[in-house]
Amino acid sequence: MQKRPSIATLRPLTRVITDRFPLELFRIVIECAQQDRATLAACSLVCRAWLPISREHFHPRITVHPGNAVRFMDIMSSPLMTLQTSIRHLVIQKQQAVVDHFFLLHSPANTPVSAKPNQPPKPHPSFEVSHILAKAASLPYITKLTLQKGYGESSAMAHHLREFLYLEELEIRSFEFTSFADLAAVISAQQNVRRLALTDVAWGAKSLTPAHGTALPTHQATQTCALPNLRRLELFMERQGELFNWILGKPSIPPVEYVELGGITEVDDAIAVSRFLRGLGPVLKHLRLYSPSRISQVNLVHNTGLQSLKISHLHIGQHDRKEGERATSAGDEVCTILSQLCSPHITAISLQLLFNEPECFAFIDWGQVARTLALPRYQNLQLMELRIPRLKRWMATTIMRTLPSIASRGILSVANG
């Protein structure tokens, strides 16, 4: 009875027995391996009945690039294709090499794209994003689409985006459009998008209509909101002001709850961001700002529903002060930010402070910070994080000593980073 079973006793059952098992029993067994992709892949090869069951928990991401575009077209055109209900994420990468938009963002605005230096590699002659999207329309359950590494793109792809009725996430990375109107036509083509992420996206000269004579669709010309179902917005690019001004130009703005911004360097962009955040009002729940060199232009007074705030690369120093001017709480970026927060729902604040010199630590009125955090609107605060590169021990000691109320509650975190 205590002997280990021999290999002979673990022989697989005969088909006479297994063929009597109901399919629901195999489904239960396969579902136990839903976290093991190798097992799911093996189960999908057993028989046709196991294939759809295995694919329920195996949603691969398809990446189409010039190297496999022909193969992708063949699969999409095949009458034996069984991937229709399985694919959720489609990535279309027009260039296989690394693409950098520095040549466009930092070149004269009136210089033709074809005459700018550091020309990008020419696209594959038979590889067009519009053609790939047209074929991908046979994948109706795609919820996430990523477009990256494309140059000189127009709004021709907008027509095909409207075919993806379940599309919720749209990512565009390292992409250049002929004009801003082409970008606007693409990102507003599918009204069901809930998350929009634009990283290193650029465009040519300003234009009121899309390039190549493509007219704006009727629903876009008459819509009252650019992205009516948008809930999450992530931007890491220059010239954000044009995008926000376009959104604000509609009678209503989308109820965005999560905003993540990086690359705000120009005053006009910062003003447009401030107007957008003010327009969101209490709808905004989570805000992330990276490299906010124009943080003084952003006012958070109207965001009374804010729950979390994260700001990185917040420079503290004398570069913005006049010669001989003393540091005061009115000019203290940390105190200004905390005084603007009027949301009683704020639970997490994370600030990364960059001091030009260790002496700049004294520019922050930590006493005023303590008095501000003691206000009733911060009673629900669960985390106050301060990240300081090259943190000195005396800095951490000073912060802990001058902020005793939140330190005693165990919600103060001072870290090096």
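1. V301 is found in the loop that runs between β8 (286-290) and β9 (308-316), where strands (E, at least two residues) and helices (H or I, at least four) are DSSP runs numbered from the N terminus. This is a predicted model, in which local features need pLDDT of at least 70 and side-chain atom pairs count only at pLDDT 80 or more, while totals for chains, interfaces and linings use all residues. Residues are numbered from 1 along each chain as its sequence is written, and side-chain values use heavy atoms, with hydrogens and water left out.

2. With a relative accessibility of 32%, V301 counts as partly exposed, a class that lies between buried (under 20% relative accessible area) and exposed (over 50%), computed with a 1.4 Å probe and protein chains only. Leaving aside its neighbours within four places in sequence, V301 is in contact with Q340 and C342, contact meaning heavy atoms within 4.5 Å. The C-alpha atoms of V301 and I337 are separated by 9.3 Å, although these residues are 36 apart along the chain.

3. The largest nonpolar core has 103 residues, and those with the most contacts inside it are I172, F276, L277, L353 and M384; such a core is a set of buried Ala, Val, Leu, Ile, Met, Phe, Trp, Tyr and Cys residues joined through side-chain atoms within 4.5 Å. Helix α12 (residues 267-280) gives the most to this core, with six residues.

4. In helix α14 (residues 366-373), the buried residues include W366, V369, A370, T372 and L373. Seen down the axis of α14, its buried residues fall within an arc of 165°, so they line one face of the helix, the arc being that of the directions from the helix axis to the C-beta atoms. The buried residues of α14 pack against α13 (333-340), β10 (348-355), β11 (383-387), α15 (393-402) and α16 (404-408).

5. Which residues form a nonpolar patch on the surface? They are L13, V16, I17, F21, L25, I28 and V29, with about 620 Å² of accessible area together. The elements that give two or more residues to the patch are α1 (15-18) and α2 (23-31), and α2 gives the most, with three residues. V29 lies in helix α2 and is exposed, with a relative accessible area of 54%.

Terms used: Patches are made of residues with over 30% relative accessible area and no salt bridge: like charges are joined within 9 Å, nonpolar side chains (Val, Leu, Ile, Met, Phe, Trp, Tyr) within 5 Å. Accessible areas come from the Shrake-Rupley method with a 1.4 Å probe; for residues, only the protein chains shown count as cover. A salt bridge is a side-chain nitrogen of Lys or Arg within 4 Å of a carboxyl oxygen of Asp or Glu.
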